Amino acid sequence: MFEKVVGQTEVKAQLESLVESGKMPHALLFSGAPGAGQLAMAVALAQEMLKTDRLLHPDLHYVFPVYKPKGWAAERKAVSDDFTKQWREQMEDSLYFDAQQWGERIGLEGQKFQIGVGESDQIIRKLSLVSAQGGWKVMIIWQAEKMSTEAANKLLKILEDPTPETLFILVAEHSEQLLETIVSRTQRFDFRPLAEDDVADVLMRDHGLSAADARQAAHVSGGNLTRAMQSLLTTDQEVTYFNLVVLLMRGAYARDLRGMRSWSETIAKLSRAEQRNFLQYMQRFIRENFAYNFREPQLCYMNDREREFAQRFARFINERNIIPFYEEISLAQRDVAQNTNSKMVFFDLALKVILLLRQ
């Protein structure tokens, strides 16, 4: 099943060796870069252990962060089983997705998003059941770093006294947020960002992109397949975002505060998803204009429209402001994800751009 996982040849080889040896540890930690395929690899390993090609199997269990919808009884705890339908739909769509996409799928609107203590009780219950096929049981915990302290402590006790023929696979992007004692009881596998060629191959094969467009999307994704797929904008969307960035940069250069206020109101009318896509486009736009200054075509991926604008604009993006630009865009992305007032977020960003262009 490992052949379905994009790249990560070293990790694949190590896991195949473990399966063949028959000496599988009771707990593994798949940690590393976002969009590098940790969940896809966890599912592939589970399928190998259970000798199945199905995503859903009676001996394969999933845990993932959820929230408590409004209107639920105070004593009721939200657990993964409450969102099985959405999880199945997500997995059928793609195994390459992030917490933000998952939150959107289950209707998260600013509520607390975590793996709560109630989940630990569910884990104990499921692992107490007899294996449907008389062999291994696999428990995949996605976004394991989002466990509450209480849930993490309960999981630790389970890991200290594991059930025979039970495999835990913890999937994380920020393993430093896990309890040290949990990490110490796992065998860790580190996932590096994917190679650009691997990302480009997926975009051409599964999404019908041309070789040139696939290379550009792969290049700006930084080895994050999830981000690369999110960046597949329609031509109309790309033109809209380009025009919005140009309007911002021209208004900021002219210190047109009234224009910046109008610009922020325009952005605020977009959906949250469109705002995130715009900021992602803006991040790429800044990066490509910085690279344009090196006059090395292999470092820069722009279409004709963007390249024409860069001829006049790129000199304003330099080694003094490139990192601050990234930081301010990242802050705006965080605020948008947290449902902060959009007009405030984007007007503040516009003011920061005025200052950054002077550096």
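The model is predicted, so local features need pLDDT of at least 70 and side-chain atom pairs count only at pLDDT 80 or more, while totals for chains, interfaces and linings use all residues. Residues are numbered from 1 along each chain as its sequence is written, and side-chain values use heavy atoms, with hydrogens and water left out.

**Exercise 1.** State which residue forms a salt bridge with Lys-85.

*Solution.* A salt bridge is a side-chain nitrogen of Lys or Arg within 4 Å of a carboxyl oxygen of Asp or Glu. Lys-85 pairs with Glu-89, and their closest N and O atoms are 2.6 Å apart. Both residues lie in helix H3 (residues 84–93), four residues apart, about one turn of the helix. Helices are DSSP runs (H or I, at least four residues), numbered from the N terminus.

**Exercise 2.** Describe the surroundings of Lys-12.

*Solution.* Lys-12 belongs to helix H1 (residues 9–21). Lys-12 is buried and has no salt bridge; Glu-16, the nearest side chain of opposite charge, is 7.4 Å away. For charge, Lys and Arg count as positive and Asp and Glu as negative, with His and the chain ends not counted. Leaving aside residues up to four places away in sequence, Lys-12 touches Phe-2, Val-5, Gly-7 and Met-41; contact means heavy atoms within 4.5 Å.

How values were computed
Helix = DSSP H or I, 4+ residues; strand = E, 2+ residues; numbered from the N terminus. Buried < 20%, exposed > 50% of the residue type's maximum accessible area, 1.4 Å probe, protein only.
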